[in-house]
Amino acid sequence: MNAQNIDNKPKVTKESKNKIRVEFERTPLKERLKAKFLSLFFLKKVVWYLFRLVLLIGISYIVLFPFFTKIAGSFMAPDDFVDVTVRLIPKNFTLDTYKAIWVDQHYLQAFTNTLFLSLSTALIQTFICCLVGYGLAKFKFKGNKLVFMAVIFSLVIPHQTLQLSMFMNFRYFDIFGIGNFLNGGGINFFGKNFCPEFMKSIDIIPDTFEKFLDGAQGLKLTDSYWPLIILSLCGLAFKNGLYIFMLRQFFRGVPDELEESAYIDGSGVMHTFFTIILPLSVPMMITVFLFAFSWQWTDDFYTTVFFTDSSDIVLMPKIVGIPSSLDTDYAGQNLYEAAIRNTCGIMIILPLIVMYLFCQRYLVQGIERSGLTAD
């Protein structure tokens, strides 16, 4: 019965719509405006629009206001910080703070060193995490879940817990007694003791390698890029557990039929990985690369652990300070020094902002395809 009633209802045809439109256009303009703008539907639409506009403006103000104050303070002269009439617009516009940071804090050298370190570690981490994530996602072996639990567990352990052990391992780096051999212990081979002195005499060990030796304890790898590169190669660098998890979830969404077809055609595991899997995962790899690059760029934990104050390598975290050429000894010293440190932070994150502007599309695609869902 209900179905018959539905079928018997008059249907609005195209001709009826055209007729209604024509009749509406023939009505006086005053009546049309009244019907359009003095209706309850239009009132609800306006109220909802204003509510969203005010809400977004308020949230944007809360989020962006600290950035505006820091950017404005970076262009202020010392007198502006004691002038109560100055808020966000500098009265005495100057670039002295930027010039002092560029020269006194060796910004260009820090930029070059940090770029090399971040780029090399990010590339290594992206590739290693792809291998580990692909193996955990596509291969069933004993201990698969246990390995994955260890990866997740690495996200839970505070890095400060491992700080001392990591420093000692790389401060006195020694694998299989190699450090003892290089420092004079020697090794026995076919009844002969090959000590470093003998090998140096035949130019097997270059003299420049001696700078890495530190007594009989092993190799001194601190104050160099090697600790971070070795951690990246082993999949133990900063946030690598998160990258492995993201890539594992992504590879789980890749159809198994693609790999099975490649295996039928005679392709091996590694050939399939490089020719089929990696091209499909380019957006996800770019996302992981951007995360790894950005976190390494602004990292102040590992750089503090492995690079001492006496190190000749200047990285971005080291430029945060008060340049010697700026005079901060006056009434508004605290405000002026805070503005200088904020300017250092702006100069540190500025390259990341530029990179984000060009890679935003790939970052969003990678996050959308990451498949970060529960099993």
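The model is predicted, so local features need pLDDT of at least 70 and side-chain atom pairs count only at pLDDT 80 or more, while totals for chains, interfaces and linings use all residues. Residues are numbered from 1 along each chain as its sequence is written, and side-chain values use heavy atoms, with hydrogens and water left out.

Of its 375 residues, 33% count as buried, that is, under 20% relative accessible area, with exposed meaning over 50% and partly exposed in between (1.4 Å probe, protein chains only).

Next, select residues 144-156, helix 7, whose end C-alpha atoms lie 19 Å apart, in agreement with the 18 Å that its 13 residues should span at 1.5 Å a residue (the expected span is 1.5 Å times one less than the number of residues). Colour N144, F148 and V151, which are buried; they cover an arc of only 55° around the axis and therefore sit on the same side of helix 7, the arc being that of the directions from the helix axis to the C-beta atoms. On the other side, K145, L146, M149, F153 and V156 are exposed. Now show helix 6 (107-138) and helix 12 (240-252), against which the buried residues of helix 7 pack.

Finally, select residues 40-74, helix 4, and centre on L64, where helix 4 bends by about 40° and P66, a proline, follows within four residues; the bend is the angle between axes fitted to the seven residues ending there and the seven starting there. The buried residues of helix 4 are A72, G73 and S74.

How values were computed:
Helices (H or I, at least four residues) and strands (E, at least two) are DSSP runs, numbered from the N terminus. Contact means heavy atoms within 4.5 Å.
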